[in-house]
Amino acid sequence: QVQLVESGGGLVQPGGSLRLSCASSGSILSFNTMGWYRQAPGKERELVAAITGDGNTNYADSVKGRFTISSDNAKNTLYLQMNSLKPEYTAVYYCNAHLLHRDGTLYKYWGQGTQVTVSS
């Protein structure tokens, strides 16, 4: 069973930066896609950024130009660099990984989440 563990959240002032990390217990090369989601109080979980196994990325419109998703295969870790943070980015951020098995089964893994609070 794959485990994903996020870290790096915290309290930051508007305009500040944070880098989130997601450490995988298994090789991230086995995943088809990895991504970051967030869920604010009273709202649905939404995709923030994703990266495919061949390095293609996509971002939510609200974070384009501010966030960068990346991965380090040697460390089996996914990152989210967040710059120019806004109060509306306050949420619990979750790491996600999809693995499409050769038998057609899609496995989805989630981390426990890390709180990001943007406030002065």
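Q: Let's start with one residue pair in this predicted model: which residue in β8 is the bridge partner of Ala 23?
A: Strands of a sheet pair through backbone hydrogen bonds, either parallel or antiparallel. In this predicted model, look along β8 for the residue that is bridged to Ala 23. That partner is Thr 77.

Q: Over how many bridges do strand β3 and strand β8 pair?
A: Strand β3 covers residues 18–24, and strand β8 covers residues 77–82. The two pair in the antiparallel sense, and the number of bridges between them is six.

Q: In what order do the four strands of the open sheet stand?
A: The sheet is open, and its pairing is antiparallel. β1 (4–7) and β7 (67–72) each have a single partner strand, so these two stand at the edges, with one side of each left without a neighbour in the sheet. Put together, the order is β1-β3-β8-β7.

Q: By what angle are neighbouring strands of this sheet turned against each other on average?
A: Here the direction of the strands is ignored, and the angle is an average over neighbouring strands of the sheet. The value is 15°.

Q: Which cysteines form the disulfide?
A: A disulfide is a covalent bond between the sulfur atoms of two cysteines. The structure holds one such link. Its sulfur atoms lie 2.0 Å apart, and they belong to Cys 22 and Cys 95.

Q: How many residues apart in sequence are the parts that this cysteine pair ties together?
A: Cys 22 is found in strand β3, while Cys 95 is in strand β9 (residues 91–100). The pair therefore ties together parts of the chain whose separation in sequence is 73 residues.

Q: Is the link of Cys 22 and Cys 95 left-handed or right-handed?
A: Both cysteines are buried. To find the hand of their link, look at the angle about the S-S bond, which is -75°. With that angle, the link is left-handed.

Q: Is Ser 24 buried or exposed?
A: Ser 24 lies in strand β3. Its relative accessibility is 11%, and the cut-off for buried is under 20%. Ser 24 therefore counts as buried.

Q: Which residue's backbone oxygen does the side chain of Ser 24 reach?
A: Leaving aside neighbours within four places in sequence, Ser 24 is in contact with several residues, including Val 2, Leu 4 and Phe 31. Its side chain also reaches a backbone oxygen at 2.8 Å. That oxygen belongs to Gly 26.

Q: What is the relative accessible area of Phe 31?
A: Phe 31 sits in the loop between β3 and β4 (33–39). Not counting residues up to four places away in sequence, Phe 31 touches Val 2, Ser 24, Gly 53, Ala 97, His 98, Leu 99 and Tyr 109. Phe 31 is buried, and its relative accessible area is 4%.

Q: Which residue meets Glu 46 in a salt bridge?
A: The structure holds two salt bridges. The N to O distance is 2.7 Å, and the partner is Arg 38.

Q: How far apart are the closest N and O atoms in the salt bridge of Lys 64 and Asp 61?
A: Asp 61 has a relative accessible area of 64% and is exposed. Asp 61 forms a salt bridge with Lys 64, and the closest N and O atoms are separated by 3.1 Å.

Notes
Residues are numbered from 1 along each chain as its sequence is written. This is a predicted model: local features need pLDDT of at least 70, side-chain atom pairs count only at pLDDT 80 or more; totals for chains, interfaces and linings use all residues. Side-chain values use heavy atoms; hydrogens and water are left out. Two strands pair if DSSP finds at least two bridges between them. Axes are lines fitted to C-alpha atoms, for helices over the stretch in contact, and angles run from 0 to 180 degrees between N-to-C directions. A disulfide is a pair of cysteine sulfur atoms within 2.5 Å. Buried means under 20% relative accessible area, exposed over 50%, partly exposed in between (1.4 Å probe, protein chains only). A polar contact is a pair of N or O atoms within 3.5 Å; within protein, one must be able to donate a hydrogen and the other to accept it, and residues adjacent in sequence count only if both atoms are side-chain atoms. Contact means heavy atoms within 4.5 Å. A salt bridge is a side-chain nitrogen of Lys or Arg within 4 Å of a carboxyl oxygen of Asp or Glu.
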